[in-house]
Amino acid sequence: MLQLFRLIKIIMVIFRFRLDNLIPWKKTPWWFRWVLMFGIWRLIPCNYPRGQRLRMALEALGPVFVKFGQLLSTRPDLIPQDLVAELCKLQDQVPPFPHEQAVKKIEQTFAKSVEQLFASFQEEPLASASVAQVHRATLHNGQSVVVKIIRPGIEKIILHDMRLLYTVSRLLTALSADIRRLKLKEVVRDYQQTLFDELDLQREAANASQLRRNFSDSEDLYIPQIYWDYCRPNVMVMEYVHGVPVSDVATLKKQNVNIKKLAEIAVNIFFTQVFRDAFFHADMHPGNILVNTDNPAKPYFIAIDFGIVGSLTPEDQSYLARNVLAFFHHDYRKVAELHIKSGWVPDNTSVHELEAAIRTVCEPVFGRPLVEISFGQILLRLFQIARRFNMEVQPQLILLEKTLINVEGIGRQLYPPLNLWTTAQPFLEEWLKNRVSPLSVIKRIHDQMPDWIEQTPVLVHQLMQKLQQQQTSRKVRRFRKDILTGSIMVGSAVVLIFYPEWYAHLPLFPVILGIAGLVLIVKR
C-alpha cells in the first residue's frame, strides 16, 4: 500500500513539473498519446526550461532521487547537455537526524557507551547528507576526529525507492523506443550498486587508506588518517582536518594564497592519480576538497569523502593517454583507430566515418586559443557522437570524465586563465615515454616474473596435454584411414570373385587383396 501511495506521488510530481514534455510522445503507443493529449495536467503551466523542471522534480521526490539525478549528470552519453548542466546543480543536503539517534547507532555498533569511545562528542553535526551524517569528536588520546554515521533506516528507504525506480524505468522503456536507447534499467542497476557501496563505510575507509598510502610523500595532497579500531560498516572515524573550502576563492585570495599554483596542483593531482596509481578519487566536487593555507606560498589540498573511487587497467591508461595526446595533435585518425582497437566501439566501425565525426566535433573547438578550450566539454561532445557508433561506454571512463570535469571546474574557478593542456601535456608525454622505456619494460617483466614462474608448471602440463591430444588425433585419423582402406580392399576382392574375367591373368589377385584388407582391419 505504501508503495502504491509513493508511486501516486511520483506520478503527481511528474505532471506537476510537466515532465511529460520530456517524453518523445509521438513515438509512444496511441493510447498513451491520447492520455498525454487530453489530460487535465496539460492546463498546468510550464514556464521553466525542461532541465530546471527535472531538477526541481527530483528535489521534490527526496534524497534517493536527488542522488539518482546526480548520477545521471555524469552520463552525457545518455542524456542531452542541457539536462546534464541542470542536474549538476543538485545538492545532496537533507535535514540532520537527531543527536540521540546518532548516539544510539554508535553504541549499538560498538556495544560501548559514547563516553567510553570518545572524550567528547559534539551534538550538532558538521554535515548531513542523504546517506550519512558527520559529527566532530575527540578520542581519549586527544586526537580530534570526525565520526560518520549511516542514517538510521536508510536501507529500507533505498530499497523502497529503488523498487519504484525500477518500476518507472520499465514503464518508460515500454512507452518509447527513444527511451529504450537510454538503457534506463541498466542505469538504475548501476545506481543501486553505487548507492549500496556508499552504505558500507568500511569500504570508504579502505579507499581513503589506499589514497593516503599513494600520497604519503606528497606535498600537494593530504588524505586524513583512518582509525580502524573505530570503523564498522555503518560507522567510520577519521582524522579531523581543517581548511578553506576550495570554492571560497575570496578567502584564499585574502590569505595571499598562490592561486595559479593551486590550480596547477589540482590538475597534477588528477593526472598523478590516473596515470601513476590507476586509482582516483571520483567525487572531487568542491564540497569534498579543502585547501590548507598555513603556508600561503605552498598551499596544498585536503580531500575528504571517499565513497566513490575509480580505477583503470594498464590498457585503459595507455589508450587514454594516447587518445588525449592525439586529440591535441589533431590526429583524428589515430583517435578513431585507438577507439576501435581498445574495444570502445564495435570492430566493424568504419575508421573513416568515425574520424570524420571526431573531426567535426573537435575542429571548431581547437580553432580557439588553448586557454579557451574546455577539456570537459570536448569529452561531453565526444560522448554525444559516440551514440552514433554504438560506443560501449565503460563505467570507469564515465567516472573519469566526471572527475575531470570537476577538476577542470575547480582549476578554472581558482584561476580562470588556467591552460589545462599546458599543464597536462608534459605529464602525459613523460608518462608515455617512461612506459616504453627499457627500464620500465624491465621493471614490468621483473614485477610479473613471480607469476610467470608460478604458472610455468601449469603451462608445461597444458602443453604436454595439447601434444598428446594432437598425437591422439593423428592416431584416430590414421585408424579411420586404415579401416576405410581395408574395407575397400575386402569389398573389391568380393566384387572381383564374381567377375573372374577381370583377373584371368592373375588368378590369386582377389584372394591376396581380400587377405591384405582383412589384415589391415584386424590390425587396427
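**Entry 1: strands**

I took strands as DSSP runs of E with at least two residues, and helices as DSSP runs of H or I with at least four residues, both numbered from the N terminus. I counted two strands as paired if DSSP finds at least two bridges between them. Across this pairing, S120 stands opposite T138 in strand 3.

I noted that this is a predicted model, in which local features need pLDDT of at least 70 and side-chain atom pairs count only at pLDDT 80 or more, while totals for chains, interfaces and linings use all residues. I also noted that residues are numbered from 1 along each chain as its sequence is written, and that side-chain values use heavy atoms, with hydrogens and water left out.

I next examined strand 2 (residues 127-128), which is joined to strand 3 by 2 bridges in an antiparallel arrangement. Here S128 stands opposite Q133. Strands 2 and 3 form a hairpin, with 3 residues between them.

I then followed strand 3 to strand 4 (residues 144-150) and found an antiparallel pairing over 7 bridges. T138 has S144 of strand 4 as its bridge partner. This hairpin has 5 residues between the strands, and G142 in the hairpin takes a positive phi near 95°.

**Entry 2: salt bridges**

I searched the whole structure for salt bridges and recorded 10. The criterion was a side-chain nitrogen of Lys or Arg within 4 Å of a carboxyl oxygen of Asp or Glu. I checked burial for some of the residues involved: buried means under 20% relative accessible area, exposed over 50%, and partly exposed in between (1.4 Å probe, protein chains only).

D197 counts as buried because its relative accessibility is 18%, whereas R203 is partly exposed at 42%.

R276 and D277 meet through their side chains at 2.7 Å, N to O, in another salt bridge. R276 is partly exposed at 47% relative accessibility, and D277 is also partly exposed, at 22%.

**Entry 3: helix 16**

Which residue forms a salt bridge with E355? I found R359, with the closest N and O atoms 2.8 Å apart. Both residues lie in helix 16 (residues 351-366), 4 residues apart, about one turn of the helix. E355 is buried because its relative accessible area is 13%, while R359, at 34%, is partly exposed. I recorded finally that E355 and R359 are linked with R333 and E337 in a network of salt bridges.
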